[in-house]
Amino acid sequence: MTFGLSLSATACDLNQDGYEDLYISNDFTSPDFFFFNNGDGTFTDRTKEAVGQTSFYGMGNDIADYNNDGLPDVMQIDMAPEDNQRAKENMSSMTREDFDEMIREGLHHQYRYSTLQLNRGIRDNGLPFFSNTAWIAGVTSTDWSWAALFADFDLDGWKDCI
């Protein structure tokens, strides 16, 4: 059984099997879902096998090939402020005990920052594996954002993200 405070769902063939899969962003402790299409009208959540971690306050997400390698990548927005003072004023800190309890209950590793999941390709299990490159790209802290959008705004052949 799945549960969540879902704020965004994006469809894309993430594992390149010809079927549309779903990435669902959930807010708070509710886990995100990478639902892979089984090709028979059903989906299976394979989040823990596809990503090492997700955002905690998952708002909007978008999927596109932002680095032109032919593989779909995922951007998920969290509401982490850039400024430390605003971070302390607006959102309580997660205690180590809360985080450990979340993991003991079987939930995935969730951190309070936006994620930019770079698709590293399909592994032997037929699933893509993603690495969070948000810190390298400088997009972890987008403050009071609700959605991500990939598009080639400057017409240079590369996807931009806003």
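Biologist: Starting at Thr 10, what stands opposite Thr 10 in β2?

Modeller: Tyr 23 does. Keep in mind that this is a predicted model.

Biologist: How many bridges join β1 to β2, and which way do the two strands run?

Modeller: Six bridges join them, and β1 and β2 run antiparallel. Strand β2 covers residues 21-26.

Biologist: What sheet do they belong to?

Modeller: An open sheet of four strands, in the order β1-β2-β3-β4, with antiparallel pairing. At its edges are β1 (6-12) and β4 (43-45), each of which pairs on one side only. From one strand to the next, the twist averages 20 degrees.

Biologist: Let me step back. How many helices and strands does the chain have?

Modeller: Four helices and twelve strands. The chain has 162 residues, and buried residues make up 45% of them.

Biologist: And the surface, what does that come to?

Modeller: The accessible surface of the chain is about 8,600 Å², and 53% of that belongs to carbon and sulfur atoms.

Biologist: What share of the contacts joins residues at least 24 apart?

Modeller: Taking contacts between residues at least 6 apart in sequence, 53% join residues at least 24 apart.

Biologist: Back to sheets. What is the strand order in the one with β6?

Modeller: β6-β7-β9-β10, again an open sheet of four strands with antiparallel pairing. β6 and β10 (128-132) each have a single partner strand, so one side of each is left without a neighbour in the sheet. The twist there averages 25 degrees from one strand to the next.

Biologist: Which way do the residues of β6 point, and are they buried or exposed?

Modeller: Asn 61 and Ile 63 point one way, Asp 62 and Ala 64 point the other way, and all are buried.

Biologist: How is β6 tied to β7?

Modeller: Through four bridges, with the strands antiparallel; β7 is residues 73-76.

Biologist: What else is Met 75 in contact with?

Modeller: Setting aside neighbours within four places in sequence, the contacts of Met 75 include Gly 60, Asn 61, Asp 62, Ser 114, Thr 115, Val 139, Ala 148, Phe 150 and Cys 161.

Biologist: Which residues touch the most other members of the largest nonpolar core?

Modeller: Met 75 is one of them, together with Met 59, Tyr 66, Ile 77, Met 102, Leu 116 and Phe 150. That core has 16 residues, and α3 (96-104) and β9 (115-122) each supply at least two of its residues. Another core, of eleven residues, lies apart from it, with Cys 12, Tyr 23, Phe 36 and Val 51 among its members.

Biologist: Is Cys 12 buried or exposed?

Modeller: Buried, because its relative accessible area is 19% and the cut-off is under 20%.

Biologist: And why does Cys 161 count as partly exposed?

Modeller: Because its relative accessibility is 36%, and partly exposed is the class between under 20% for buried and over 50% for exposed.

Key
Residues are numbered from 1 along each chain as its sequence is written. This is a predicted model: local features need pLDDT of at least 70, side-chain atom pairs count only at pLDDT 80 or more; totals for chains, interfaces and linings use all residues. Side-chain values use heavy atoms; hydrogens and water are left out. A nonpolar core is a set of buried Ala, Val, Leu, Ile, Met, Phe, Trp, Tyr and Cys residues joined through side-chain atoms within 4.5 Å. Buried means under 20% relative accessible area, exposed over 50%, partly exposed in between (1.4 Å probe, protein chains only). Contact means heavy atoms within 4.5 Å. Accessible areas come from the Shrake-Rupley method with a 1.4 Å probe; for residues, only the protein chains shown count as cover. Two strands pair if DSSP finds at least two bridges between them. Axes are lines fitted to C-alpha atoms, for helices over the stretch in contact, and angles run from 0 to 180 degrees between N-to-C directions.
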